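Work through the exercises below with the sequence and the model open beside you. Try each task before reading its solution.

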Amino acid sequence: MKRASASAKINLALLVGPTRADGLHEVATVLQRIDLADRVELEPADANRVTGFADDTLVARALEKVSAETQEHWRARIEKRIPVAAGLGGGSSDAATALALAGNALHRDRLHALASELGADVPFFLESGPQLATGNGRELQPLELPQDFWIVLILPDDRRKESTAAVYASFDRINGFAERRTQLLAALKDVRRPVDLAALPPNDLVSSPLADDLRAHGAFRADVSGAGPAVYGLFVHERDARATAAAFRRRGRVWVTAPAWYG
């Protein structure tokens, strides 16, 4: 049996530009793994099968792609801890983990090609450390960012989440993307300490009053992750993060977590 954790991510910044020729939006986003993870287990089988999470589609597709390359089949079991459809990349992370476990004999470039076919976030989860994703989200560049901070993650009780595709389809802020991207790249060059992440631009897609409330409680940066509805706040000290988490527990599911380098 093979097993591995599949970490969630947050978007420390997410800029969205005009629609590309491939029908996807141009993006520039800073992806950071966090220490909230699903668990994926694989064992050889006569046919591919996924258990543990009835709504899975991505892991099943990942296994089919590997089987087409290797003629091997797997039974996968997913232990879900990452909330679904929250902007945290749980499904993409599960799929990347299944690809890595089942396709460990494949060349790295081939794994990345298969990951790109599954979704824009999936290749990121084959990498270590924070990454700048550009183009349609699949072009990755490693970033040297501080990792010594705490994260309060909130999934609001009153969440109303459209599909990620619907959120992108309704996005109409197409002007000024190049300028905002230049500002993001400049801000990233100046990041030395965790508090320097406060200079990164806010999420283009969605916003939340919870982010304002987290900043009022001392977060040096707070924003929506991805297309939401999960909201995060970053704190220098664990005690402040835990005090803030306690104050927000009546407003949704709350986690106190930290950056993660690997899955």
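A residue is called buried under 20% relative accessible area, exposed over 50%, and partly exposed in between (1.4 Å probe, protein chains only). The model is predicted, so local features need pLDDT of at least 70 and side-chain atom pairs count only at pLDDT 80 or more, while totals for chains, interfaces and linings use all residues. Residues are numbered from 1 along each chain as its sequence is written, and side-chain values use heavy atoms, with hydrogens and water left out.

**Exercise 1**

Find the salt bridge between E43 and R75, and state whether each residue is buried or partly exposed.

Solution.
Step 1. A salt bridge requires a side-chain nitrogen of Lys or Arg within 4 Å of a carboxyl oxygen of Asp or Glu. For E43 and R75 the N to O distance is 2.8 Å.
Step 2. Locate both residues, where helices (H or I, at least four residues) and strands (E, at least two) are DSSP runs numbered from the N terminus. E43 is in strand β2 and R75 in strand β4 (residues 74-79), 32 residues apart.
Step 3. E43 has a relative accessible area of 26%, so this residue is partly exposed. R75 has 19% and therefore counts as buried.

**Exercise 2**

Describe the salt bridge of R3 with E41, and list the contacts of E41.

Solution.
Step 1. The closest N and O atoms of R3 and E41 are 3.6 Å apart.
Step 2. R3 belongs to strand β1 (residues 2-19) and E41 to strand β2 (residues 25-44); the two are 38 residues apart and link distant parts of the chain.
Step 3. R3 is partly exposed at 44% relative accessible area, whereas E41 is buried at 18%.
Step 4. Contact means heavy atoms within 4.5 Å. Leaving aside residues up to four places away in sequence, E41 touches M1, K2, R3, R75, A76 and R77.

**Exercise 3**

Which parts of the chain does the pair K65 and E117 tie together?

Solution.
Step 1. The side chains of K65 and E117 form a salt bridge with an N to O distance of 2.8 Å.
Step 2. K65 lies in helix α1 (residues 58-70) and E117 in helix α3 (residues 108-118), so the pair ties together parts 52 residues apart in sequence.
Step 3. K65 is partly exposed at 22% relative accessibility, and E117 is partly exposed at 42%.
Step 4. Elsewhere, salt bridges with shared partners join R20, D22, E26 and R181 into one network. The structure holds 17 salt bridges.

**Exercise 4**

How do the axes of α1 and α2 cross, and which residues meet?

Solution.
Step 1. Axes are lines fitted to C-alpha atoms, for helices over the stretch in contact, with angles from 0 to 180 degrees between N-to-C directions. The axes of α1 and helix α2 (residues 90-102) come within 8 Å and cross at roughly 25°.
Step 2. Angles under 35 degrees count as roughly parallel, over 145 as roughly antiparallel, 65 to 115 as roughly perpendicular and the rest as oblique. Therefore α1 is roughly parallel to α2.
Step 3. L58, V59, A62, L63 and V66 of α1 meet G91, S92, D94, A95, A98, L99 and A102 of α2.

**Exercise 5**

Is α2 roughly parallel or roughly antiparallel to α3?

Solution.
Step 1. The axes of α2 and α3 come within 10 Å and cross at roughly 150°.
Step 2. That angle makes α2 roughly antiparallel to α3.
Step 3. A95, L99 and A100 of α2 make the contact with L111, L114, A115 and L118 of α3.
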